[in-house]
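Here are my notes for your review. Please read them with the coordinates open.

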Amino acid sequence: MANENNEMTVIVGGHGKTGRRVAERLRAMHRPVRVVSPSTPVPFDWSDETTWPPALAGASALYLTYHPDLAIPGAAEHVRRLTRVAVDAGTEKIVLLAGRGEPQVHPAEDAVRDSGAAWTILECAFFMQNFSEGVLAPQDDTIAFPAREVREPFIDCDDIADVAVAALVDDAHAGKTYELTGPRAVTFGEATAELARATGRPLRYVPVSFEQYATGLAEHFTAPVVEFFIDLFRFLLDGHNASVTRDVERVLGRPPRDIRDFARTAAEVLR
Ligand SMILES: NC(=O)c1ccc[n+]([C@@H]2O[C@H](COP(=O)([O-])OP(=O)(O)OC[C@H]3O[C@@H](n4cnc5c(N)ncnc54)[C@H](OP(=O)(O)O)[C@@H]3O)[C@@H](O)[C@H]2O)c1
């Protein structure tokens with residue numbers, strides 16, 4: 001059924017792992033959507049504030065993802081200024097993607113809570129799709145990451161998108177902070193084994209040191225950003241995020257997808 005109020009959702013970072021899925025779902029519901037990023041026809045760049053007002057014009061709701069990471073210094077100030085632009089332009093609802101167990105993102109979350117718009121915060125575990133679309137995609141059958149034997153309750157980005165859409169279309173989720181995890185915590189080695197089984201590839205997990213991992217990151221990021229990510233991973237990968245929550249089931253009325261189910265789907269692209 002077409003949206004009768006002609007409300008429009010702007011998806012900041014709408015080509016990303018969750019933004020793309022949120023856009024697909026809203027379009028399937030015939031809800032007007034505008035995806036914005038540096039590469040869209042109406043561009044949006046976090047580092048160029050002149051791009052913000054045109055990108056947000058007419059947005060009744062926002063799905064907000066930050067690049068490169070919501071925990072990076074300066075992100076909270078950006079988010080606070082952006083929410084002012086959005087609310088001044090008539091935005092009434094903001095759903096923010098955040099990391100879980102990360103006090104570093106709380107100032108950005110507070111900026112959204114203070115915005116005057118209705119808000120929902122999604123604090124997420126590591127994405128399963130990092131293995132198929134992101135930093136954990138296998139190179140030469142190897143997944144190298146400084147996670148040692150830490151357990152992580154990886155979450156499927158399809159579940160995050162389902163929760164985000166619920167929050168965007170149903171006012172019952174306003175004022176809620178959800179902690180989204182998958183149904184079980186596994187080590188990065190166990191996650192790799194699931195992908196190896198599903199793809200038939202001889203994939204192996206190599207628990208590299210933080211210093212080794214920094215060398216690889218330096219090919220893609222400036223030195224301060226590399227230092228930021230290494231500090232963040234040292235903090236996140238100490239086991240404090242190993243517990244699972246039931247928030248996906250509370251919102252969606254069904255359990256989150258298991259890493260084994262994800263591996264079967266991901267095998268189509270990783271085989
Ligand atoms: N990955 C995880 O496991 C995880 C877990 C919890 C929370 N998070 C949070 O999720 C967010 C997204 O993380 P991700 O690494 O997974 O990214 P991602 O979903 O792959 O998103 C990348 C998006 O950012 C856009 N982008 C790139 N540069 C930009 C800029 N200067 N200004 C505005 N948009 C820009 C890209 O646009 P183009 O398509 O135009 O290049 C793309 O749409 C981060 O804030 C992170 O803290 C991630």
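1. Start with the loop between strand 3 (61–64) and helix 3 (75–88), where Pro68 is found. The model is predicted. The peptide bond from His67 to Pro68 is cis in it. Omega there is near 5°.

2. Next, His30. This residue sits in the loop between helix 1 and strand 2 (33–36). Is His30 buried or exposed? His30 has 10 C-beta neighbours inside 10 Å, so it counts as exposed. The cut-off for exposed is 12 or fewer.

3. Arg148 also deserves a look. Phi of Arg148 is near 45°, again a positive value in a residue other than glycine. Arg148 lies in the loop between strand 6 (142–144) and strand 7 (151–152). Around Arg148 there are 14 other C-beta atoms within 10 Å, so this residue is partly exposed. A residue would need 20 or more to be buried, and 12 or fewer to be exposed.

4. Now the packing of helix 1 (residues 19–28) on helix 6 (residues 157–169). Their axes are 9 Å apart, and the angle between them is about 50°. The two helices are therefore oblique to each other. The crossing of helix 1 past helix 6 is right-handed.

5. Which residues make this contact? Helix 1 supplies Arg21, Val22, Arg25 and Leu26. Helix 6 supplies Cys157, Asp158, Ala161, Ala164 and Val165. By class, the residues of the contact of helix 1 with helix 6 are six nonpolar and three charged, with no polar ones.

6. Turn to helix 11 (residues 259–270). Its buried residues are Ile259, Phe262, Ala263 and Ala266. Why do they fall on the same side of helix 11? They cover an arc of only 100° around the axis, which puts them there.

7. What covers the buried residues of helix 11? The cover includes two helices by name, helix 5 (130–133) and helix 7 (188–199). Strand 9 (186–187) is also part of the cover.

8. Points to check by eye follow. Look at the cis bond from His67 to Pro68. Then view the right-handed crossing of helix 1 and helix 6. Finish with the buried side of helix 11, where Ile259, Phe262, Ala263 and Ala266 are placed together.

Methods
Residues are numbered from 1 along each chain as its sequence is written. This is a predicted model: local features need pLDDT of at least 70, side-chain atom pairs count only at pLDDT 80 or more; totals for chains, interfaces and linings use all residues. Axes are lines fitted to C-alpha atoms, for helices over the stretch in contact, and angles run from 0 to 180 degrees between N-to-C directions. Helices (H or I, at least four residues) and strands (E, at least two) are DSSP runs, numbered from the N terminus. Angles under 35 degrees count as roughly parallel, over 145 as roughly antiparallel, 65 to 115 as roughly perpendicular and the rest as oblique. A crossing is left-handed if the near helix is turned anticlockwise from the far one by less than a right angle, and right-handed if clockwise. Two residues are in contact if their C-beta atoms, placed from the backbone, lie within 7 Å. Ala, Val, Leu, Ile, Met, Phe, Trp, Tyr, Cys and Pro count as nonpolar, Asp, Glu, Lys and Arg as charged, and the others, Gly among them, as polar. The arc is that of the directions from the helix axis to the C-beta atoms.
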